[in-house]
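Biologist: Hi! Could you walk me through this one? I'm new to reading structures.

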Amino acid sequence: MASSISTQSLLVVRSSRTSSYPPSSPIFSLENSNRNCNNHTKFPTGVRKINRKCRAMVQQTVQGPSAAYAKEMERLSAKESLLLAFKDAGGFEGLITGKTTDMQQIDVNERIVGLEKLNPTPRPTTSPYLEGRWNFEWFGSGSPGLVAAKFLFERFPPAIANLTKLDVVIKDGYAKISANVKLFNSIESSFIVSTKLSVEGPLRMKEEYIEGLFESPKVNEESIPEQLKGTFGQAVSTMQQLPVPIKDAVAGGLKVPLGGSVSRLFMISYLDEEILIIRDSSGVPEVLTRLDPGPSPLAEPITEYES
């Protein structure tokens, strides 16, 4: 970046060895650091005045490709470190069964904070990366999802009831949260909560719960324990004797209307093509990892906010 500088320069006192001045007489001259500026006027005292302005180059430090590469490597390293911390802590199962130690939890939380500082998506609420199918990897202490999962495991041993999966699908401003439960290692059922997502800022979103659905259980008859096969046969026989409308209603699952009566605010603190981190109004983190291929980086973002 070029800029003009004034005619004032450094006043240099130096002795002259020429015959024009006595050896003891000093010569005063104004010299510019730019040697190309050599148009001077000499005065009797030996002072030279620059008659024109000179151009000087100001060096400016610019972050080049090497700095961007180093920052990206730091982000990828922090992300890999967080995923390894999940594994060391026992993952989702270790967390909800209470096997994760306090030291492991604080270690994971420390790595979550470290990764959030390197968030590559400045406006995650309108990013195309937000849509897709995500798997819950981690709940912070006090998260509603963690409380519900721990309640299930504390009341029933894994041989009777086991939470096998908890994921969410985000698409077109709506989300479907699915919890899959397996009973007696043979009966699988899902509870699905449908919510509406409203963008309230570059980081903040509002989630309104619309409907809950208990899907009809799917039974693997081969894996039913012998002591339960008789009871299962009676239940199947009873179901077949129900009127067709009731049978169809049961087959379609049990719906629980919520009508947006329950809602929450949350903030997206980190988002890329593989990891999503959100924090609720109390600051509790939830970490999700993508299950399906991410969208194209060239996809158009959402531009409108709903408040």
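**Salt bridges and a helix**

Modeller: Happy to! Let's start with R75, which counts as buried because its relative accessibility is 6%; buried means under 20% relative accessible area, exposed over 50% and partly exposed in between (1.4 Å probe, protein chains only). Before we go on, this is a predicted model, where local features need pLDDT of at least 70, side-chain atom pairs count only at pLDDT 80 or more, and totals for chains, interfaces and linings use all residues. Residues are numbered from 1 along each chain as its sequence is written, and side-chain values use heavy atoms, with hydrogens and water left out.

Biologist: Which side chain does R75 meet in a salt bridge?

Modeller: The side chain of E72, at 2.6 Å from N to O. A salt bridge is a side-chain nitrogen of Lys or Arg within 4 Å of a carboxyl oxygen of Asp or Glu.

Biologist: And where do E72 and R75 lie?

Modeller: Both are in helix α1, three residues apart, about one turn of the helix. Helices (H or I, at least four residues) and strands (E, at least two) are DSSP runs, numbered from the N terminus. An α-helix has 3.6 residues a turn, so residues three or four places apart point the same way.

Biologist: Is E72 buried or partly exposed?

Modeller: E72 is partly exposed, since its relative accessible area is 31%.

Biologist: How many salt bridges are there by that rule?

Modeller: The count comes to 12. One of them is between R133 and D167, at 3.1 Å from N to O. R133 lies in strand β7 (residues 132-139) and D167 in strand β8 (residues 161-171), so this pair ties together parts that are 34 residues apart in sequence.

Biologist: What about accessibility for R133 and D167?

Modeller: R133 is partly exposed at 33% relative accessibility, while D167 is buried at 3%. There is also a network: E72, R75, K79, D272 and E274 are joined by salt bridges that share partners.

Biologist: Which side chain meets E116 in a salt bridge?

Modeller: That of R279, at 2.8 Å from N to O. The two link distant parts of the chain, as E116 is in helix α3 (residues 102-116) and R279 in strand β14 (residues 275-280), 163 residues apart. E116 is buried at 15% relative accessibility, and R279 is buried at 17%.

Biologist: Let's switch to α3. Which of its residues are buried?

Modeller: V108, I112, L115 and E116. They sit on the same side of α3 because they cover an arc of only 100° around the axis, the arc being that of the directions from the helix axis to the C-beta atoms.

Biologist: What covers those buried residues?

Modeller: The cover includes α1, β7, β13 (254-271), β14 and β15 (285-290). On the face turned away from the buried side, α3 carries the exposed residues D102, M103 and E110.

Biologist: Last one: where is Y69 found, and is Y69 buried or exposed?

Modeller: Y69 is found in helix α1 (residues 65-88) and is exposed, with a relative accessible area of 54%.

Key
Contact = heavy atoms within 4.5 Å.
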